Amino acid sequence: MTLDDFRHEALVEASSTNTECFERARKGALSGLWVTAARQTGGRGRRGRPWTSDAGNLYASLLLIDPAPIDRLGSLPLAVAVAVQAAIASIMPPGSPPVRIKWPNDILVERKKVSGILVESETLADGRQAIVIGCGVNVAVAPDAGLYPIARLSDYGCTVSPADLFAHLFREMADILRLWDSANGIGEIVARWRAVAGGIGEIITVNLPNQSISGRFVGIDDTGLLKLQTDDGGTRLIAAGDVFFE
């Protein structure tokens, strides 16, 4: 997909921009549709957690139709995180703290979460696979504290508007998805992810559905799985979980 394949629909208010994208997909919308909203009334995060969505922040979702075979979609969240990190980093004032990715795709500044990403999928009636990438960025408003410390871009002297930030995200996402190329470019995506990752080499705790495990975060493998070095010297590969720094 090229930049010209992407479109943008701006809403004043939505229950959720992800929900809006899925509704349009069911009506036949083509891949590459962005939906943004100034405010969400029913925003959500991973595992159905509520996401506070007051005006002043960026709420944006991108609809992709059959972006890759299902067995190759695992690397898409990494690509998305690289795009969001690049967009945020590009508008931070000179001298700002670095913008990092916390596995798999939270965006942090000084270990505080400034952006969350939610990737969801649905098989449409005609058999197409709709993938929706939801991005929430704390530009000027700090949501209610959740699992992690949070911050706003304005805390670091960033005066960009949500619309201006979205313009950067629009371009960065197009560039990164072209590089990802239905997972054919996963090697370069993983390299870029590693270059801006936070916490590599440190002791972390990963909350899994049934247990919590701690160990040294030694990076990700070539498919994006988290590599955790455990006390017994072994390495455990983790596909999904909530990461906490010590």
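Let's start with four rings: Phe6, Trp34, Phe166 and Phe170 are joined into a cluster by ring pairs. Keep in mind that this is a predicted model. The model has 4 aromatic pairs by the rule used here. One of them is made by Trp34 and Phe166, whose ring centres lie 5.2 Å apart with 85° between the planes, an edge-to-face arrangement. This pair ties together distant parts of the chain, since Trp34 belongs to strand E2 (residues 33-40) and Phe166 to helix H3 (residues 162-180), 132 residues apart.

Why are Phe166 and Phe170 about one helical turn apart? Because they are 4 residues apart in helix H3. Both Phe166 and Phe170 are buried.

That brings us to H3 itself. Its end C-alpha atoms are 26 Å apart, which agrees with the 27 Å that its 19 residues should span at 1.5 Å a residue. The buried residues of H3 include Leu165, Leu169, Met173, Ala174, Ile176, Leu177 and Trp180. What do the buried residues of H3 pack against? Their neighbours are E1, E2, E3, H2, E7 and helix H4 (186-195).

Strands of a sheet pair through backbone hydrogen bonds, and they can do so in a parallel or an antiparallel way.

Now look for an open sheet of 7 strands, with the order E1-E2-E3-E7-E6-E5-E4 and mixed pairing. At its edges are strand E1 (7-14) and strand E4 (99-102), each pairing on one side only. From one strand to the next, the twist averages 20°.

E4 pairs with strand E5 (residues 106-109) in the antiparallel sense, over 4 bridges. Here Arg100 has Leu108 of E5 as its bridge partner. The next step is from E5 to E6, which run antiparallel and are joined by 3 bridges. Leu108 turns up again, this time with Lys113 in E6 as its bridge partner. The hairpin of E5 and E6 has 2 residues between the strands, and Glu110 takes a positive phi near 50° there.

One more step takes you from E6 to E7. How many bridges join E6 to E7? There are 9, and these two strands also run antiparallel. Within this pairing, Leu118 has Gly134 in E7 as its bridge partner. E6 and E7 make a hairpin with 5 residues between them, and Gly127 in the turn has a positive phi of about 95°.

Helix H2 (residues 76-91) lies across strand E3 (58-65), E4, E5, strand E6 (112-123) and strand E7 (129-137), and runs at about 140° to E6. H2 has 16 residues and reaches 24 Å from its first C-alpha to its last, close to the expected 22 Å. Is H2 mostly covered or uncovered? Mostly covered: 12 of its 16 residues are buried. Among them are Leu76, Val80, Val84, Gln85, Ile88 and Ile91.

There is another open sheet to find, made of 5 strands in the order E11-E10-E9-E8-E12 with antiparallel pairing. Strand E11 (235-238) and strand E12 (242-245) stand at the edges; each has a single partner strand, so one side of each is left without a neighbour in the sheet. The twist in this sheet averages 45° from one strand to the next. Inside the sheet, 4 bridges join strand E9 (residues 212-220) to strand E10 (residues 226-229), which run antiparallel. Ile220 stands opposite Leu226 in E10.

The charged end of Arg111 sits over the ring of Phe245, 4.1 Å from the ring centre. Lys102 does likewise with Tyr148, its charged end sitting over the ring at 4.0 Å from the centre.

Definitions and conventions: Residues numbered from 1 in each chain as written. Predicted model: local features only at pLDDT ≥ 70, side-chain atom pairs only at ≥ 80, totals over all residues. Heavy atoms only, no water. Pairing = 2+ DSSP bridges. Axes fitted to C-alpha atoms, helices over the stretch in contact; angles between N-to-C directions. Contact = heavy atoms within 4.5 Å. Expected span 1.5 Å × (residues − 1). Buried < 20%, exposed > 50% of the residue type's maximum accessible area, 1.4 Å probe, protein only. Phe/Tyr/Trp six-rings, centres within 6.5 Å; stacked < 30°, edge-to-face > 60°. Lys NZ or Arg CZ within 6 Å of the ring centre and 35° of its normal.
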